[in-house]
Structures are given as structure tokens and as C-alpha cells.
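Some labels for a structure rest on cut-offs. Here they are put to the test, one by one.

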Amino acid sequence: MIFAPLAKTIDYVGQFSIQVPGRDDAGASHRPQRGTGVIPRLFTKAPPPPTLAERIGALPAAPADVLAATALGIDTEELRVAAVQLLPDGEPLRTLAGLGSAADGDAAATPPAVRHAAEARLARLIDNGAIEFAAFAAGAELQPQALAVVALCQDPERLREVLGRITDQRTLARVVVDGRSSHLRQLAATAIDDPAVLGDLIREVRGKDKTAYRIIQQKCDALTAVYRHAEEATREGEAVAATLERHATKPYDVIYGATLEVLTQRWSALASRPLPEIEERGRAALERCREVIAVHDRELARQAAEHAAREAADREAREARERAGLAEQQRVAEQAETDALESAAAAAAREAEEKALWERRAAEEQAQREIAGLIRLAREALKAGNSRKAARFRQSIEEAAKAVAALPVPLAKSLEQLDGKLNELRQWKDYVAAPKRIELIEEMEALAGSQEEPAALAERIRALQQEWRTINKGIASDASADTERFQHAYQLAFKPCQEYFAAQAAERRKHLAQRVTILERLKAVELSQQAEPTDHTLLLQVLREAPREWRGHSPVDGDAARPVEIEFHRVMDRLRKRLNAWYEANEKDKQALIAQARQLSTLDDSTAATDGVKRLQSLWKDTGPASREHSERLWTEFRALCDAAFKKREQAYAAQSVALGAAKVAAVALCEEVERMAATPATERAAAKAKIAEWRAAVAALGELPRGDARGLNDRFERAVSRYEAGLAQQDRQDAESAVSNLVAAARHIGAYERALARRAEQGDCDALRAAAEAFIAAVPRWPKGGLAAAKQALARATASLDADDGARERTLRMLCIRCEILSSTPTPAEDEALRREYQLRLLMQSMGQAAHADDRDWDALLLEWVAAGGAPPAIHEALEGRFLRCLAKRPAKSSAASPFQHHDGRDRRAERERRDGPARSGDRGTPRGSPRR
């Protein structure tokens, strides 16, 4: 169906290529001449073929069918991509994008670059509106190629809309795996929430798309966290219920109630309610604990009633005794009071007489001291030449002398001397004042024409005038000539000051004019605020700057400036009144916010309260300011209410922190206890296992720990328990080794006793050796299994086997050494190799299997046989015992079933589990717990 367009395209491109601009063919036209056919053109010289760039440049002018043929052709990818970028919507474009009717057949033949260009062209047509998105998106969720086109659209919501129609999680998983773009795969991964699909998908996406893998990994981790949280909540509820049950069985003590309160809080504070059976266990245990407290309270009430009855009886008896004592005390007090009143009356009379005499003497002494002081002051005034002041002091002395009957002789003489000096000063005062007047006149005349500052000069002139008036007081002599001379000198000296003061007056008038200007501007502002909405910011600025500018234009004449100043203050008061009205409206808004904050502070939900307070704080910033006298009070009240809401939240956090801190302290104390026990010698095995179980139960009962310390404390506890278990394992190994050595040593004691009996030693020596053997056997703390019985039987047989053959014993011991060497794969000495081969041949003939496969029971049997064999001659016995012990040292270690603490290397159990389970977990990383796997 595409042959016709291809033929037309060949003809069109051939013609177009001949007419390429810029090619110089001597102006010849290569367009076919009229009346000529194709055959003549074949024999003409063919023009050079067009370049790829020329062909791409010619595509915008080509018709749609030519573009389609070029895009569907077999030309270079660059030319096809350029043609695809110009194609309109239609069957060719959708075919190249894998959406046409022949898409399945042509998809494999279309190069990826051309297909991607077709997808981008469709997306661009959708963005431009040339393709209606609703029609294109119908059923697009079922076609991966359509999803790839939608993913290339500029509006990301279109891809979300199409993906939102996909309800099958498996289909979304296929999009995540096979999606064309990373954005498409990521959005599809975000839409998946089925745990089973996520578990299967994470293995398929690993290594293909890191971002999609990370999204799926996060979802798996979140689901795992949810499952783990549910399990932890169940474990926590079971642990608290078990602790309550244990507490219910305890008798009442001083900390019973406090412990129950803590456990009740832990039960109530569980993150989620436990299973119904655990809930019932906890409720029943709480009831039993409360019943224990109630029984104790009833017992306390009974004891309190008995104690109150006894105290009432004692109180009545004590009150009777107290009443009798009080009556006696009252009688004695009344008698003492009567005696005291009589004594007080006599003493008061004596005191009144003494007081009157003392007051008279004190008044005379005070008057004499006052007279002496006035005489001293008068003398000082006379020394200063102030006769008038001295005369006033003398008059005061006369008034004070009326209170004294007779002056003492020294005071009388001093008063006479004062009177003489006062009269003498009055006579000379007029004579002394004359030179001083001349001096003041000369000083005033010297100031005429002075270059001093006018203000300082005026001050000096006023000082000279004051001094002139002072020296002329009280002088009756005629000094009119001196006065005229002084006034003439004053007028000459004050002339420069008059000019200075005139300039100051002009300056004050200028300041007054400037204040008038300020008043006019202020009235203009007032008028503007009346004609338009009030600009409170401008009012604030005017009220702040106008007084400062007003004060800057000073000084002024008070009388002239008073009307202007009154008007200025009136205008300021009117503006201030308008601003105060704004302040009042703002204060009402702030009061409303305070009322809301007060209501929020009473909420029990601290989170809702703090959110509401934050909203109110934002609204507070938007309200205008209040007046200065109310602003601080309103803000303080509002901030206190906000702080109360925040403090309530902090208290909730603090309570949680206290609980976490208490749990941390208990955890640290438990870790320290375990570490202390791990540092001490190991105890008996059964008690140690019970102790470890008790520690782990205590850890389970701790509850929640601080997030930053939980991992460290758990690791510390596990390390301490591991060290404790390692110590037990080491002690167990040491005990096992010492048990074997103890059994061999007991056999050595028994052998010595046997040899003493065999050589017919003294009875005392034999008894001593038997006693030593018995004492050693009794002192051994641990024996191998059956070792104690074997040792006692060997000691009992020693007396009955006096005639035993040493050679037979030697052969028995030698065969035991050979058997032990076979078990431990130890070479046998040359003298016993024949005996070993004979024994091995017998084993084979009896079909007993290889000795290398023997278990621990064979070693235990050998050890018991060695004890039962008895002793050989010392030299031979010592050599054979050395061989036997060397082989015994190669005995394989017992399995963990024999000793729960053996072969414990002290490493952290959690680290060991992670190392052991690491490979298995790495393959299932991100798979939710409990989710099905295929």
C-alpha cells in the first residue's frame, strides 16, 4: 500500500535535489523539457546526489504523504527522525510509535531512535492540543507504548491520571519492569502497595532502575516496620502483663503502691492494645494488685481506729492533769500580779520625781550649750565682718538666757567679750566700706570697652551691682557722688550687652515664626486625615517628630509664643485622640486573641493547643499596635497564655523523658549488675541459667528506652551476658578438665595403696595411704560421669586383690593406652606395635568398626577402666600413665548438648546472628515480613 507514495517520493526528491539552491550548473535547468521522456534523461549526465543535510532541510516543504513515506522508509535514522518530528497525527505516526494496527509487526523493525521520536512527536501533539488527550488516554493504561507517550507529556498529571486507572497491582508491576522511562517506572512503583507484589517486584527491579528500586525498598521497609511494631507491641503487652502477675503475688510493702502505679502507667501507655487474652490477664492482675492494697488499707484503718481510741483515753487523762496544773498556776500568777502592781506604783512615783529633776537639769544644760554655740557663731560672724549677723546671734542669746537661772562664770565672761567686739565693729564698719566702694567703681569703669563675651560680661556687671548694694547696706553716710560715678560706669560697660540681648530677641522672634509654620503644617495634616482614610503610620510619625521639631526652634518669648503653643497642643491632642481611638480598636482585637489563647490553654490536646497558639501568634502580628501603657500588659498576658500552651506540651515531653530516663537508669543498673557478675568467678550452672533468665525478664520489663541509647544499652547488655556465659563455659571446661585429672590422681592414690599392700608394707603406712586416698576422694568437687563410683569401687577392691598379678595389671594398662592411642590417632611405641595390630585385627573380625568413629562414651569408658585396672610397678605405671594422659589430652571437645556453656567465644549474639543470617537476609532485603514469596 506504500509503493505509490514511495514512487512519488522518489520522483519528488529527484526533482527537488536538482534544484538545490547554491549549486552552480551554469544556469542550466534540469527540469525535464516538454516533449522529452524518461529515456533521453537517462543518457544525460546525472547531477550529484543531495547531501543528508540538504535532504533534511527540504523536509519542511514536503507534503504529508512524502513525510510519511520518508519516516516509514528504510533510509538513515537521522532522516527518518527528522521526518517523524514533522508528521501530523495519523496511522504512520502511531505505527512508528507502536500504536497502529500494524504495530506488532512493525515494532521490531522500527529503530529505537525513530520509535522514541514518534513517541515524543505524539506527546508534543497532545501538549499542543492537536490530539485530544481524553480520546488518546482511553485504554492507554493497557498499552505500554501509550504509557510511554503519556510519560513524555509536559503535564505530569496526565501520566498520574492514566496510572490511576490501573487497579491491578500486577499490571503496575509490569509497568515498573518494562516501562520505557524512569519517570514512568517511578510513578508506577509509587502506586503499588500490595506486599506480595512488592516482594516479587523488588527482585526483578534490582539492578535495573535504582530510583524505582529505592521506592519499592522504602515501601517494603515501611511494611516491615509496621509488622515489627505490631510484634513489639504484643511482646511489650505480654511483658507488662507478666510483671503485673508477678507483682500481684507479692506481699504488700512500702513500695507496693508506687510500683503498681508505675506498672499501671506502663499498661495504660502501651502503644497499641494487646491481644484479648493478654488484655484479660493484665486486667485480672491489676484487680488482684488493687485487692492487695485494699486489704492493706483495711488493716491500716483498723489499726488507726485502735490507736485513735488509745490516744483519746490518754488525751482525757492528760487534759485533766493539765486543768489541775493550770488552776494552780493561775492562783500563783494572781498573787504575783498583785505584788507586781504594788511595786510598780511605788517605782512609778520615784521615777516621776527623778524624771522632773532630770528634765530641769537637761533644759538648763541644753540652754547653756545653745548659748555657747550662739557665742561661737557670733564670733565667727564678727571675724567675717558681718556685724548684722552677729547682732542677730546676740539677740538669740538673750532669748536663750531666759531658760537659765544664772549663767556659769565662763559663759558670762565670753558674753561680755562678745559685746565689746560687737560695739567696736559697728564703729569701724562705715570707715572700712569707703575704700571698697572706690574699688567697685574702678572695676566697673575697667569693664567699659571689654572684649569679653556679652553673656559673661553681663554676669560680671550683675555681680558688681550686687556687691555694691551689699556694702552700702546699713551705712548712713552720704555717698551720692560715688553712686553717680558707679551708675555712669555701669551704663558704659553694659552697652555691648544691650546689642547682644537685642540679637537674642530677634532670634526668639525668628523661632516663633518657625513655630507658626510648624503649626500650619500640623493643621494641614489634620485636615488631610479628615478628608481621606486615616493614615495611622503618618499620624505616628507626625506625633513623634512634630514635638521634637517644635522644641528645636527655641528659645522664644514666652508671652508672644503662648497663644501659638496653646493652639499647637490643641491640634496635637486632636491627632492623638484619633490615634488613641485606633489604639483602642487594636486593643479590642488583641483582647479577643487573648480570650482565644486562654481557651486554647485549657485544652487537653497539647498538639492542637500549640497549633492554635501559633495561628494566634500570626494573627497578633497582623493586628496594629496598642497604646504604650497597655501594650506591654497585653503582650505579657498573651505571651503567658502562649507559654502555658507550649509548657503543657513540654511537660508531656518531660514526662515521657522522665519515664525514658528511669528506664535508662534501670537498664544501666542492670548492665552494671551483669558486668559485675561477669567479672566474678562463675557460679553453679543451674543457678547461672536461672540468673540469665531473670536478667532477660528484667530487660523485657523495662519497656521503652531513649531512642539514642536503646541500641547501645541492648548491645551492652548482650555483651555483658555473653561475657558471663563465656565465663561459665570456661569454668565448665576447666571443671571438666579438672574432673579428669582428679580421677587420674585418685587412681594414682589407689595404686600407691595397692602397691603398699602388695609389698606387705607396715600396717600404719598402708592405713596412711588409704586415708590419703579417701581424703582426696572426699575433697574432689567434681567427677566425670561414674568417676566417683569407680574410684570407690577401686579402693574397695584394693584390699581384696592382694595377690593380683602385676603383669596382668601392666597388660591391662598397656591395652588401655593402645586403645586410647587408636581413638586419638596417636602413634604407638615400637614395643607395642604388634599388640596394637593384633587388637585392631580383632576389632575388624568382630565387626566393631573403626575406632575413629567412637563417641564420648568410649573415652569415658576408657577412663573408668583405667581406674579399675589398678596400679602397676611405679616406673612402668608412670610411663603408661604419661602415654594415657597424652592421648586423653587429644580427646575431642564435647558437643553443646553436653554443656550449654562450652565453646562460647564471648562474641555478641546479635552480631553472630547477623553474620549467620546475613546471606539469607541480603537476598530478601526489602521484603515485608509475612509477605508471600515465590
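A surface patch takes residues with over 30% relative accessible area and no salt bridge, and nonpolar side chains are joined within 5 Å. The model discussed here is predicted.

Q: What makes Leu841, Leu844 and Met845 a nonpolar patch?
A: Leu and Met are on the list of nonpolar side chains, and such side chains are joined within 5 Å. Leu841, Leu844 and Met845 form a patch of this kind on the surface. Together they have about 360 Å² of accessible area.

Q: Why is Met845 called exposed?
A: Exposed means over 50% relative accessible area. Met845 has 66% relative accessibility, so it counts as exposed. Met845 lies in helix α31, residues 833-845.

Q: Why does Thr224 count as buried?
A: The cut-off for buried is under 20%. Thr224 has 12% relative accessibility, and therefore counts as buried. Thr224 is part of helix α15, residues 210-248.

Q: Which residues touch the most other members of the largest nonpolar core?
A: Val84, Val176 and Ile216 do, in a core of 56 residues. Helix α8, residues 112-128, gives the most to this core, with seven residues. Ile216 touches Val176, Ala189, Leu198, Leu201, Ile202 and Val205, leaving aside residues up to four places away in sequence. Another core, of 34 residues, lies apart from it, and includes Ala747, Tyr753, Ala791 and Cys820. In soluble globular proteins, nonpolar side chains tend to be buried together.

Q: How do you know that the peptide bond from Ser554 to Pro555 is cis?
A: Look at omega: it is near 5 degrees for this bond. Pro555 is found in the loop between α22 (536-552) and α23 (558-601).

Q: What is the phi of Ser825, and why does Ser825 count as exposed?
A: Ser825 has a positive phi of about 60 degrees, although it is not a glycine. Its place is in the loop between α30 (806-824) and α31. Its relative accessibility is 57%, so Ser825 counts as exposed.

Q: What helices and strands does the chain have, and what share of its residues count as buried?
A: The chain has 34 helices and zero strands. Of its 934 residues, 33% count as buried.

Definitions and conventions
Residues are numbered from 1 along each chain as its sequence is written. This is a predicted model: local features need pLDDT of at least 70, side-chain atom pairs count only at pLDDT 80 or more; totals for chains, interfaces and linings use all residues. Side-chain values use heavy atoms; hydrogens and water are left out. Patches are made of residues with over 30% relative accessible area and no salt bridge: like charges are joined within 9 Å, nonpolar side chains (Val, Leu, Ile, Met, Phe, Trp, Tyr) within 5 Å. Accessible areas come from the Shrake-Rupley method with a 1.4 Å probe; for residues, only the protein chains shown count as cover. A salt bridge is a side-chain nitrogen of Lys or Arg within 4 Å of a carboxyl oxygen of Asp or Glu. Helices (H or I, at least four residues) and strands (E, at least two) are DSSP runs, numbered from the N terminus. Buried means under 20% relative accessible area, exposed over 50%, partly exposed in between (1.4 Å probe, protein chains only). A nonpolar core is a set of buried Ala, Val, Leu, Ile, Met, Phe, Trp, Tyr and Cys residues joined through side-chain atoms within 4.5 Å. Contact means heavy atoms within 4.5 Å.
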